[in-house]
Amino acid sequence: QAASPQHPVTVRCQEAQLVVTVHRDLFGTGRLVRAAELSLGPAACAAASATDSAVTFVAGLHECGSTLQMTPDSLIYKTSLSYKPTPTGNLVIVRTSPAVVPIECHYPRRNNVSSNAIRPTWAPFRSTLSSEEKLVFSLRLMNDDWSTERLSNGFQLGESLHFQADVDSENHVPLRLFVDECVATLTPDKNSSPRYALIDLHGCLVDGRSDESASAFLSPRPRQETLQFMVDAFKFAKDDRNLIYITCHLKVSPVDQPPNSLNKACFFNKASSLWVPVEGTGDICSCCETGHCHFQG
């Protein structure tokens, strides 16, 4: 929606940047503000362009001094538009007041994905100055050396499935990807029965706890926005259907936030008979054994 007297400031939250458009009749009084009187963020970034009717700012999500707030469901980038009037003509007086307009961009931390990569969709957040766009999550079946995506999704019992989960976090603050849960079902409905949890309890690869399974996360990661794991092929007992649906719940957290009991990637090491994390301290995995994973600070 274009900036107009009815909507004097509009924001577009894009994948890697935000675009702020300011109608020069900012207060609806007929007095036009000047581009030099407007700035974005604590760093006071200048406008990218200006016309007779509008001033436009373009900035990366973590530029111009913006801050990042993380909630259980969202990454929220916060900044502000500042208007500081300067005297014109008569250098002693000004006829408008300074103003600060808060601006937020919301990006969901979580998404459910299948082995087919999803593409983002843009939907307005229910506020004049806020909008949201999904981060791009993907989950793929890879070949045995992880170099390319596997062309076939057929497996024999005794083989291993190689999963690679990714998030495209270009130009966001650095993000670390986690697989919160993965469940196998015989229908696309992840809540249908029978169902078998491969990953559960906020990042515990519980399938690897079984005596007959060698399922595990790969450690170290190839990069923070990627997580790879192997699962031994299986089928549901007493069911002849050969098609199994696997649905995984992916989420991210900032790289500078240490992993904890709710943001972790833990697998069972058969040699040591211990749960071990891909990163972080071993205590964050203790709840994989007890089955009660809560935030411990």
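## Rings, sheet and disulfides in a predicted model

The charged end of Arg209 sits over the ring of Phe268, 4.2 Å from its centre. A charge counts as over a ring if NZ of Lys or CZ of Arg is within 6 Å of the ring centre and within 35 degrees of the ring normal. Arg150 lies over the face of Phe155 as well, at 3.9 Å from the ring centre.

This is a predicted model, in which local features need pLDDT of at least 70 and side-chain atom pairs count only at pLDDT 80 or more, while totals for chains, interfaces and linings use all residues. Residues are numbered from 1 along each chain as its sequence is written, and side-chain values use heavy atoms, with hydrogens and water left out.

### The sheet and its aromatic residues

Helices (H or I, at least four residues) and strands (E, at least two) are DSSP runs, numbered from the N terminus. Four strands form an open sheet in the order β12-β13-β17-β16, with antiparallel pairing. Strands β12 (136–142) and β16 stand at the edges with a single partner strand each, so one side of each is left without a neighbour in the sheet. Two strands pair if DSSP finds at least two bridges between them; β13 and β17 are joined by seven bridges. One of the bridges pairs Ala165 with Leu227 in β17.

Rings of Phe, Tyr and Trp (its six-membered ring) pair if their centres lie within 6.5 Å; planes under 30 degrees apart count as stacked, over 60 as edge-to-face and the rest as tilted. The whole structure holds seven aromatic pairs. Among them is the stacked pair of Phe163 and Phe229, at 5.1 Å centre to centre and with 20 degrees between the planes. Phe163 lies in strand β13 (residues 160–168) and Phe229 in strand β17, so the pair ties together parts that are 66 residues apart in sequence. Both Phe163 and Phe229 are buried, where buried means under 20% relative accessible area, exposed over 50%, and partly exposed in between (1.4 Å probe, protein chains only). Phe163, Phe217 and Phe229 form one aromatic cluster.

Where is Gln228 in this sheet? Gln228 lies in strand β17 and is buried, with a relative accessible area of 9%. Its side chain makes a polar contact of 2.7 Å with the side chain of Gln164. A polar contact is a pair of N or O atoms within 3.5 Å; within protein, one must be able to donate a hydrogen and the other to accept it, and residues adjacent in sequence count only if both atoms are side-chain atoms. Leaving aside residues up to four places away in sequence, Gln228 touches Trp146, Phe163, Gln164, Phe217, Leu218 and Pro222; contact here means heavy atoms within 4.5 Å.

### Disulfides

A disulfide is a pair of cysteine sulfur atoms within 2.5 Å, and a search of the whole structure finds six of them. With the bonded cysteines of the protein chain numbered in sequence order, the pairing is 1-4, 2-3, 5-7, 6-11, 8-9, 10-12.

| Disulfide | S to S distance | Torsion about the S-S bond |
|---|---|---|
| Cys13 and Cys105 | 2.0 Å | -85 degrees, left-handed |
| Cys45 and Cys64 | 2.1 Å | about -110 degrees, left-handed |
| Cys266 and Cys285 | 2.0 Å | -80 degrees, left-handed |

The disulfide of Cys13 and Cys105 links strand β1 (residues 9–13) to strand β8 (residues 99–108), with its cysteines 92 residues apart. Cys13 is buried at 1% relative accessibility, and Cys105 is buried at 0%.

In the disulfide of Cys45 and Cys64, Cys45 is in the loop between β3 and β4 and Cys64 in the loop between β5 (54–60) and β6 (67–70), 19 residues apart. Cys45 is partly exposed at 24% relative accessibility, whereas Cys64 is buried at 10%.

### Backbone exceptions

Most residues other than glycine have a negative phi, and most peptide bonds are trans. The bond from Ser193 to Pro194 is cis, with omega near 0 degrees, and Pro194 is found in the loop between β14 (175–185) and β15 (195–199). The bond from Ser219 to Pro220 is cis too, with omega near 0 degrees; Pro220 lies in the loop between β16 (216–217) and β17 (226–232). Ala44 has a positive phi, near 55 degrees, and is partly exposed, with a relative accessible area of 46%.
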